[in-house]
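Have the sequence and the 3D view open as you read.

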Amino acid sequence: MTVDGNTPAPQPGAEGVVSGDTLLDVRDLVMHFPLTKGIIMQRKVGAVQAVDDISITVRKGETIGLVGESGCGKSTAGRAILQLYKPTSGQVLYEGRDLTTLGSNEMRRMRRHLQMIFQDPYASLNPRMTVGNIVGEPLQIHKIATNNKERSERVQELLKVVGLNPYFANRYPHEFSGGQRQRIGIARALAARPSFVVADEPVSALDVSIQAQVVNLLEELQDEFNLTYLFISHDLSVVRHIADRVAVMYLGKIVEIADRNSLYENPSHPYTKALLSAVPIPDPKVERKRERIILTGDVPSPINPPSGCRFHTRCPYVMDVCKEKVPPLIKQKEGHEVACWLY
Ligand code: SF4
């Protein structure tokens with residue numbers, strides 16, 4: 001505080017300084033998993049560079065889509081943001097507080113605001129617990145419901161909110177379909193009344209006919225509970241439906257980030273263009289005419305990623321500079337950033 005009792009003006013770049021509508025500010029996040037050799041004397045022989053220096057700002061109430069091929073690091077990024085993995089370096093500012101510096105007690109308290117919906121509704125629910133106990137567990141952990149009656153009322157309310165019969169609370173996960181199980185997972189994530197939810201491929205394990213229902217439910221819940229989402233998916237059609245902004249990841253790096261319409265209508269990065277060219281278009285006339293960009297080769301290993309631009313081994317426009325220097329993410333126009341030496 002200053003002598004006149006006012007809070008001093010924040011310094012740019014200081015911890016805790018985020019613009020008014022920013023909920024989460026991820027800065028230079030790195031998540032490397034060490035590779036070791038030897039049973040007793042474990043020597044570090046390398047690292048899986050799953051997430052390498054990503055920065056992303058998430059505004060209150062928006063949905064950010066994080067897309068890329070499987071193995072590109074998007075799920076690891078989601079988990080590192082929520083501190084389910086301890087990041088190698090970087091900052092994750094949630095309402096100005098750096099989560100990476102919190103002790104385990106403080107992080108446990110903070111966790112009620114930050115929840116996750118998992119990909120596999122079959123594996124993410126404990127088969128030995130009733131639905132009521134699964135959904136009610138966060139209420140107990142975070143001391144939201146003080147007695148059994150309050151807890152069971154709140155569980156019934158949550159089941160209703162996600163479109164399930166509240167009398168299902170005594171049943172077990174195996175008695176439900178995939179879509180219903182994902183609704184149970186969503187109810188569990190919402191139980192602690194979070195403000196930020198990472199949804200990690202929340203519909204990819206479901207039948208196509210069920211996917212739209214779950215995506216619509218997530219949208220309704222976002223409006224009702226003022227939620228902010230990080231929506232991780234390899235499915236660009238689903239992301240186009242739900243996201244306000246989209247970040248594209250390739251081999252641990254964000255290569256392009258833009259408002260949804262800007263990204264889908266005017267993609268800039270050669271990798272984004274290739275991904276979008278593979279998305280089917282429902283109109284057969286348009287589908288027949290459009291150009292497909294076929295990428296050659298496999299995604300390189302994150303243990304030994306290519307130098308310079310990590311996409312250079314597969315890029316049809318590769319230049320000498322691409323092999324030597326990492327392209328920075330630069331603003332191409334308002335709301336559109338791209339990491340490519342072509343721009
Ligand atoms: Fe391709 Fe070079 Fe751009 Fe990377 S920087 S995407 S290799 S043109």
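K331 finds its bridge partner in β12, namely E337. Please keep in mind that this is a predicted model. The notes below begin with that hairpin, then turn to the ligand, an open sheet, a helix and a few single residues.

- Strand β11 covers residues 330–333 and strand β12 covers residues 336–338; the two pair in the antiparallel sense over three bridges.
- Two residues lie between the strands of this hairpin, and G335 has a positive phi near 75 degrees.
- E337 belongs to strand β12 and is partly exposed, at a relative accessible area of 32%.
- Although E337 and V255 are 82 residues apart in sequence, their C-alpha atoms are 8.3 Å apart in space.

**Around the ligand**

- Where does the ligand sit? You will find the ligand in the largest cavity.
- The residues that surround the ligand are H269, P270, C309, F311, H312, C315, Y317, C322, C340, W341 and L342.
- By class, this shell holds nine nonpolar residues and two polar ones, with no charged residue.

**The open sheet**

- Four strands form an open sheet in the order β2-β1-β4-β5, with antiparallel pairing.
- At the edges are β2 (43–59) and β5 (97–98), each of which pairs on one side only.
- Strand β4, residues 89–94, pairs with β5 in the antiparallel sense over two bridges.
- Within that pairing, Y94 has R97 of β5 as its bridge partner.
- E95 is placed in the loop between β4 and β5, and its phi is near 45 degrees, a positive value in a residue other than glycine.
- E95 is also partly exposed, with a relative accessible area of 45%.

**D25, a buried acidic residue in the sheet**

- Look for D25 in strand β1, which spans residues 22–37.
- Is D25 buried or exposed? D25 is buried, because its relative accessible area of 11% falls under the 20% cut-off.
- The side chains of D25 and T57 are joined by a polar contact of 3.2 Å.
- E157 is 132 residues from D25 along the chain, and the C-alpha atoms of the two are separated by 32 Å.

**Helix α1**

- Why is helix α1 (residues 74–81) described as largely enclosed by the rest of the structure? Seven of its eight residues are buried, so the helix is largely enclosed.
- The buried residues of α1 are K74, T76, A77, G78, R79, A80 and I81.
- Just after α1 comes Q83, with a positive phi of about 65 degrees.

**Two buried loop residues**

- R314 lies in the loop between α10 (284–289) and α11 (320–324).
- R314 is buried, with a relative accessible area of 7%, and its side chain makes a polar contact of 3.4 Å with the side chain of Y250.
- E201 is located in the loop between β7 (196–200) and α6 (208–225).
- E201 is buried too, with a relative accessible area of 7%.
- The phi of E201 is near 45 degrees, which is a positive value in a residue other than glycine.

Notes:
Residues numbered from 1 in each chain as written. Predicted model: local features only at pLDDT ≥ 70, side-chain atom pairs only at ≥ 80, totals over all residues. Heavy atoms only, no water. Near = heavy atom within 4 Å. 1 Å grid on protein atoms, 1.4 Å probe; cavity = no way out; pocket = protein on both sides within 12 Å on 5 of 7 lines; lining within 4 Å. Sits in = over half its atoms within 2 Å of the grid points. Nonpolar A, V, L, I, M, F, W, Y, C, P; charged D, E, K, R; others polar. Pairing = 2+ DSSP bridges. Buried < 20%, exposed > 50% of the residue type's maximum accessible area, 1.4 Å probe, protein only. Polar contact = N/O pair within 3.5 Å; in protein donor to acceptor, adjacent residues only side chain to side chain.
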